[in-house]
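Please look over the sequence and the model shown here before reading on.

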Amino acid sequence: MTLPSSWPGYTRANALRGLLIYSSGDSIAALLLGEFSLTRLAVIALLGSTVYALEIPNWFYQVDRMVPPGGTRAALLRTLLALAYFNPLWVARHMALIGWASSGTLPGWSILAVASHAFALNIPLALTANLLIQNKVPAPWRFTASALYSALMAVYYAVGRVWLG
């Protein structure tokens with residue numbers, strides 16, 4: 001099966017990277033929290049290798065088309081466009097899928113408040129990470145860099161939850 005040329009970022013390499021990076025980060029976080037399960041591992045691996053490996057590189061491709069690199073204004077706009085993609089709805093979807101993979105049930109609408117809070121607390125770090133990813137990392141490696149950032153954040157949140165209760 002081939003995808004339309006308008007989706008140039010979905011490659012076997014990105015699918016493999018998404019599978020390995022997202023599932024590794026989430027598995028480490030789940031182990032730290034005592035929430036590891038093979039079902040959750042399988043769901044995150046599938047999500048990372050399909051949905052995320054399709055959506056994220058292609059959003060980054062669109063960012064490149066909308067705002068070519070160059071200059072402070074472009075760098076800021078590229079960063080904000082990346083941040084706009086990883087918005088509270090994206091965070092809520094990710095949290096909901098983790099919840100479903102862990103317990104077999106989907107959380108209620110309150111997940112939007114939790115995701116919005118997590119998104120807001122993470123803005124300073126996310127701005128910095130996305131500034132670097134969108135403006136310093138070569139285009140073919142942006143998905144990998146973004147996935148690594150997400151995996152590190154999963155572990156960071158898990159460690160914080162363990163240490164802070």
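What follows is a short account of a predicted model, covering its pockets, one of its helices and its salt bridges.

## The largest pocket

The largest pocket has a volume of about 950 Å³, and of the 34 residues that line it, those closest to its centre are His-94, Met-95, Met-153, Ala-154 and Tyr-157. Helices H1 (12–33), H2 (38–49), H5 (88–103), H6 (111–135) and H7 (142–164) each supply at least two residues of this lining, and H7 gives the most, with eleven residues.

Sorted by class, the lining of the largest pocket comprises 23 nonpolar, seven polar and four charged residues.

## The second largest pocket

The second largest pocket holds about 220 Å³ of space, and 13 residues line it, of which Gly-9, Asn-14, Pro-57, Ala-139 and Pro-140 are the closest to its centre. Two or more lining residues come from each of H1, H3 (51–66) and H7, with H3 giving the most, namely four residues. The lining of this second largest pocket divides into seven nonpolar, three polar and three charged residues.

## Helix H2 and its buried residues

H2 has twelve residues and reaches 16 Å from its first C-alpha to its last, which is close to the 16 Å expected at 1.5 Å a residue. The buried residues of H2 are Arg-40, Val-43, Ile-44, Ala-45, Leu-47, Gly-48 and Ser-49.

## Salt bridges between helices

Side chains of opposite charge can pair when their charged atoms come close. The model contains five salt bridges. One of them joins Asp-26 to Arg-40, with the closest N and O atoms 2.7 Å apart; this pair links distant parts of the chain, since Asp-26 lies in H1 and Arg-40 in H2, 14 residues apart. Asp-26 is buried, at a relative accessible area of 7%, and Arg-40 is buried as well, at 4%. Asp-26, Glu-35 and Arg-40 are linked in a network of salt bridges.

Glu-55 forms a salt bridge with Arg-93, where the closest N and O atoms are 2.7 Å apart, and because Glu-55 lies in H3 and Arg-93 in H5, the pair ties together parts that are 38 residues apart in sequence. Glu-55 is partly exposed, with a relative accessible area of 27%, and Arg-93 is also partly exposed, at 29%. A further salt bridge brings together the side chains of Asp-64 and Arg-142 at 2.8 Å, N to O, linking H3 with H7 across 78 residues of the chain. In this pair Asp-64 is partly exposed, with a relative accessible area of 21%, whereas Arg-142 is buried, at 6%.

Key: Residues numbered from 1 in each chain as written. Predicted model: local features only at pLDDT ≥ 70, side-chain atom pairs only at ≥ 80, totals over all residues. Heavy atoms only, no water. 1 Å grid on protein atoms, 1.4 Å probe; cavity = no way out; pocket = protein on both sides within 12 Å on 5 of 7 lines; lining within 4 Å. Points joined across faces, edges and corners; volume = space filled by probe spheres on them. Nonpolar A, V, L, I, M, F, W, Y, C, P; charged D, E, K, R; others polar. Expected span 1.5 Å × (residues − 1). Buried < 20%, exposed > 50% of the residue type's maximum accessible area, 1.4 Å probe, protein only. Salt bridge = Lys/Arg side-chain N within 4 Å of Asp/Glu carboxyl O.
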